[in-house]
Amino acid sequence: MKKITLLVFEREVYMKRCIGIIMFLCFYCMVSSEEICKKELYNQESGTLEKLLYFGTLAPSSHNAQMWKIKIVSENEFFIIFDKEKNLNLVDPDYRESEISIGAFLKNVIDGAKVLGVDMEYTILDKIQSDNSIIHVTFKENVTNASKIEIKNFEELLLKRKTSKEKFLDKEVNQEVIKKIISDNGENVKYFAKGTPEFEYIRENTIKAYKFQGLDLNKRKELSNFFRFSDKEVNEKKDGFSAEMLGMDQVKKFFYYKFFNKEKVENLDFLKEEMKIITEQANSADGFLIIFGEKNSMKSNVNAGIILEEIWLNADRENVKIQPLSQMLEEEPFKSEISDKLGINGEVKMVLRTGYSTNNKIIKKNRKCVEDIVIK
């Protein structure tokens, strides 16, 4: 009897810790997810437009909401549309994160055009249009012959990129590596290494901002809309957080899909467990990359997304891990004070935890197909 009671107790403890981890993960900003639309793996026979859009769908987005749509004008011209229904209005009322996500989509299209040998031009519009258009893209085909090896390497790089949620190693990312990651974006990116006052400010207040946000039940409910609680739901919606994306093996996935639902994700009982995880993550960072730009500007947000994706892919090339932590940019007083505290002339767009990890597992992308994002 005593043994049975102990087993029941251990199971309850396990389940509570599991819920805490699940709830914590819903507060991530940019994510990579579980399974890509099987029809949309790179196809050499597809047209150039389809190939470019496919590369775009592999970009990171806030909460894996994939808030982009495409309006096709011709086989060589299209608009990128902001799908406002996918915006998290409580967490992102100014559209900063959504516009950054769309900028990351554009960056993959830009780089994809180079790899395909396509001459491409784009215009970021001055403001969101009445049909929610943000970016106009045109291109000319077959400027140069595309290398199959380069195309394959580019796709593999996009598929490899992920949000790294684990504790980082106690290993320094040296300045030469940071320079390679930042590349030519020095005017809009700063790096604050462990031990600097700026690092300590970000580390300490990331934890505080997370707690503030976690105590807001309305925001938790909004974020819970992007949780998926069955394989069927994952396959139907092709966005949000699947069990695999949350880092679960098959056993944990079974219990999660069987015993958890939206209401349990919204529960505040396990905030204490969540705080342990975010504290461990913030404390294990070797540094923070800060992307910044012009305040309250759609163009600046889109450009921040372009920079974000470039930094992320550069980091993957150097085997450096990235995790966006944006709670400070979503909660007051941190949102208003962070630029001054860091000595930055402009608006902070993204906060990226950086470091090394032994976890090199590639997570397959849970993404909408090209046909899903094209407006009929």
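I started with α6 and α13, which pack at an angle of about 175 degrees with their axes 11 Å apart. A reminder to myself before going on: this is a predicted model. I then asked how α6 and α13 lie relative to each other, parallel or antiparallel? An angle over 145 degrees counts as roughly antiparallel, so I put α6 and α13 down as roughly antiparallel to each other.

Next I listed who touches whom in this pair. From α6 I noted Glu198, Tyr201, Ile202, Asn205, Lys208, Ala209 and Phe212. They meet Phe334, Glu337, Ile338, Lys341 and Leu342 in α13. Sorted by class, the contact of α6 with α13 has 7 nonpolar, 1 polar and 4 charged residues.

I stayed on α6, residues 197-214, and looked at its packing with α11, residues 271-284. The angle here is about 160 degrees and the axes are 10 Å apart. That makes α6 and α11 roughly antiparallel to each other too. I also looked up the handedness of the α6 and α11 crossing, and it is right-handed. On the α6 side I wrote down Phe199, Arg203, Thr206, Ile207, Tyr210, Lys211 and Gly214. On the α11 side I have Leu271, Glu274, Met275, Ile278, Thr279, Ala282 and Asn283. By class, the contact of α6 with α11 comes to 7 nonpolar, 4 polar and 3 charged residues.

How many degrees lie between α4 and α12? I found about 100 degrees between α4 (residues 148-160) and α12, with the axes 10 Å apart. So these two helices, α4 and α12, are roughly perpendicular to each other. The contact uses Leu157, Leu158 and Lys160 of α4, plus Glu309, Leu313, Asp316 and Arg317 of α12. I counted classes here as well: the contact of α4 with α12 has 3 nonpolar, no polar and 4 charged residues.

I moved on to the second largest pocket, which has a volume of about 420 Å³. Its lining takes in 23 residues, and nearest the centre I found Asp94, Lys295, Asn296, Lys335 and Glu347. Two or more lining residues come from each of α3 (96-116), α12 (298-317), α13 (334-342) and β10 (347-355). Which element gives the most to this lining? It is α13, with 5 residues. By class, I get 6 nonpolar, 6 polar and 11 charged residues in the lining of the second largest pocket.

Most residues other than glycine have a negative phi, and most peptide bonds are trans. I went looking for exceptions. Ser183 has a positive phi of about 55 degrees although it is not a glycine. I located Ser183 in the loop between α5 (175-182) and β7 (189-193). For the peptide bonds, I noted that the one from Glu332 to Pro333 is cis, with omega near 5 degrees. Where does Pro333 sit? I traced Pro333 to the loop between β9 (321-324) and α13.

Key
Residues are numbered from 1 along each chain as its sequence is written. This is a predicted model: local features need pLDDT of at least 70, side-chain atom pairs count only at pLDDT 80 or more; totals for chains, interfaces and linings use all residues. Side-chain values use heavy atoms; hydrogens and water are left out. On a 1 Å grid over the protein atoms alone, a cavity is a set of points where a 1.4 Å probe fits but cannot get out, and a pocket is an open set with protein on both sides within 12 Å along at least five of seven lines; lining residues have an atom within 4 Å of a point. Grid points are joined across faces, edges and corners, and a volume is the space filled by probe spheres set on the points. Helices (H or I, at least four residues) and strands (E, at least two) are DSSP runs, numbered from the N terminus. Ala, Val, Leu, Ile, Met, Phe, Trp, Tyr, Cys and Pro count as nonpolar, Asp, Glu, Lys and Arg as charged, and the others, Gly among them, as polar. Axes are lines fitted to C-alpha atoms, for helices over the stretch in contact, and angles run from 0 to 180 degrees between N-to-C directions. Angles under 35 degrees count as roughly parallel, over 145 as roughly antiparallel, 65 to 115 as roughly perpendicular and the rest as oblique. A crossing is left-handed if the near helix is turned anticlockwise from the far one by less than a right angle, and right-handed if clockwise. Contact means heavy atoms within 4.5 Å.
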